[in-house]
Amino acid sequence: MNRKIFLITIGLLISLAMILGGCTPETVTIVETVEVEKLVEVEKEVQVHVEKSVLIYNSMHGDPEPRAADEEIVKNFMEANPDIEVIHSIVAHEDFKTAIRAYLTASTPPDVLTWFAGNRARFFIDNDQIMDISDVWESEGWNDSYPKGFQALSTVDGKQYFLPTSWYWWAVYYRVSIFDELGLEVPETWDEFLAVNETLKDNGYIPIAIGTKYRWTAAAWFDYLNMRINGPEFHINLMLGTESYDDPRVAKVFEYWRVLLDNGYFLEDAAAYAWAEALEPLIAGEAAMYLMGDFIRDSVPDEIEADLDFFRFPIIDSSILIGEDAPTDGYFLAANAPNPEAAKQFLAYLGSVEVQTYNAEQLGRLPTNSGVDRTLFNESQQKGMELIDGADFVAQFYDRDTTPEMADEGMNAFMAFWDDPDSIDELLVELEAVRQEIFVEE
């Protein structure tokens with residue numbers, strides 16, 4: 001007999017006996033109700049336990065503040081979705097980068113993982129290890145609420161595979177007081193940029209500070225010149241190995257670059273300085289400009305930061321789509337995620353205005369969702385967001401957008417070109433041979 005029916009039957013028999021014995025039935029009814037309610041509560045608990053989905057989330061947010069924020073986000077998600085249990089694993093950043101290939105080839109991979117946009121994600125997309133999440137982009141309205149640059153970096157062959165959530169921008173930083181002293185306007189075109197450089201040089205200033213002791217600073221110049229001359233699509237295809245380094249369009253990049261070198265616009269002996277060491281002339285008021293990420297502000301004194309502003313890398317060809325470097329982190333779903341529906345719910349939460357606002361308030365992270373209230377950010381951050389709003393494509397950076405092996409060879413070539421601009425034809429032939437070897441092997 002069903003336990004519930006049994007209890008009710010017993011209760012009725014007891015009630016009848018008590019009535020016949022002169023007792024009032026109300027007291028017994030209370031006992032009966034309590035027993036039934038307890039049983040229903042137990043049944044509900046069993047039902048919840050049986051229907052609960054388990055979601056595995058592996059994160060590389062291991063530093064103290066990001067870890068605390070990550071844990072709070074998971075806690076809030078589970079409170080809002082009591083039918084989903086998130087198994088949350090946080091792995092140290094460098095260890096995560098080593099382990100991710102093992103995660104994605106496991107028979108039961110994590111459902112949701114943190115990662116980088118650009119080639120770092122594209123590698124796994126091309127290996128069919130990342131899930132198509134176009135349906136989440138559509139259902140959450142991200143095609144409308146995310147700037148087109150972030151949409152583009154998340155898209156391969158018309159499908160979305162990545163959720164970008166935090167980033168920082170690159171731009172040409174400059175000393176406002178020096179520009180004011182010489183009556184210089186912020187250059188918008190390449191010709192205007194060259195004129196600013198010449199005026200600075202004529203007045204005894206170093207036009208452009210740079211330290212190339214570590215090669216990535218030179219790579220930024222290649223990124224921007226290639227995107228401004230040949231467009232972001234060509235640039236990304238070159239990074240992916242589907243365009244050739246001996247293409248005349250690549251040679252044209254170095255022709256423009258050489259003008260800056262030949263005219264002496266860069267800090268002399270740049271290879272002797274790390275990037276932060278090359279800040280000294282900028283801080284001392286001897287140099288006027290520096291192409292760098294916004295983290296430059298963390299390395300200058302407060303009084304210099306107040307005199308530091310930035311502008312978009314100048315436009316060379318106005319018919320070319322605008323690409324910007326903005327290294328971006330985010331999330332993806334494993335192609336063989338054990339619980340894809342719960343994973344998509346969690347991904348939608350991570351990309352929401354609510355979570356991105358939380359990350360902005362707690363960690364100072366710049367959001368990708370344009371629905372986040374921009375009054376939360378200072379004037380410089382708002383200007384940076386406007387810069388990215390105006391981009392047609394958001395690239396990552398040379399060593400994020402191509403393979404590590406190709407990046408190493410490319411940055412070696414940039415430095416060899418810096419030392420001997422006449423060697424460019426030979427260097428491009430060598431780079432093309434390396435490209436064919438690397439990408440054929442892949």
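What follows is a short tour of ring contacts in this model.

Please keep in mind that the model is predicted. Its aromatic pairs number 44, and two of them are set out here.

| Aromatic pair | Geometry | Centre to centre | Angle between planes |
|---|---|---|---|
| Phe77 and Tyr349 | tilted | 5.5 Å | 45° |
| Tyr168 and Phe295 | edge-to-face | 5.6 Å | 75° |

Let's begin with Phe77 and Tyr349. Phe77 belongs to helix 3 (residues 64-80), while Tyr349 belongs to helix 16 (residues 340-350), so their contact ties together parts that are 272 residues apart in sequence. Are these two residues buried or exposed? Phe77 and Tyr349 are both buried.

The other pair in the table brings two loops together. Tyr168 is found in the loop between strand 6 (163-167) and strand 7 (170-175), and Phe295 in the loop between strand 9 (287-293) and helix 15 (302-305), so this pair ties together parts that are 127 residues apart in sequence. Tyr168 has a relative accessible area of 32% and is partly exposed. Phe295 is partly exposed as well, with a relative accessibility of 24%.

Which residue lies over the face of Phe116? That is Arg120, at 5.4 Å from the ring centre. Elsewhere, the ring of Phe310 has the charged end of Lys383 over it, 4.7 Å from the ring's centre.

How values were computed
Residues are numbered from 1 along each chain as its sequence is written. This is a predicted model: local features need pLDDT of at least 70, side-chain atom pairs count only at pLDDT 80 or more; totals for chains, interfaces and linings use all residues. Side-chain values use heavy atoms; hydrogens and water are left out. Rings of Phe, Tyr and Trp (its six-membered ring) pair if their centres lie within 6.5 Å; planes under 30 degrees apart count as stacked, over 60 as edge-to-face and the rest as tilted. Helices (H or I, at least four residues) and strands (E, at least two) are DSSP runs, numbered from the N terminus. Buried means under 20% relative accessible area, exposed over 50%, partly exposed in between (1.4 Å probe, protein chains only). A charge sits over a ring if NZ of Lys or CZ of Arg is within 6 Å of the ring centre and within 35 degrees of the ring normal.
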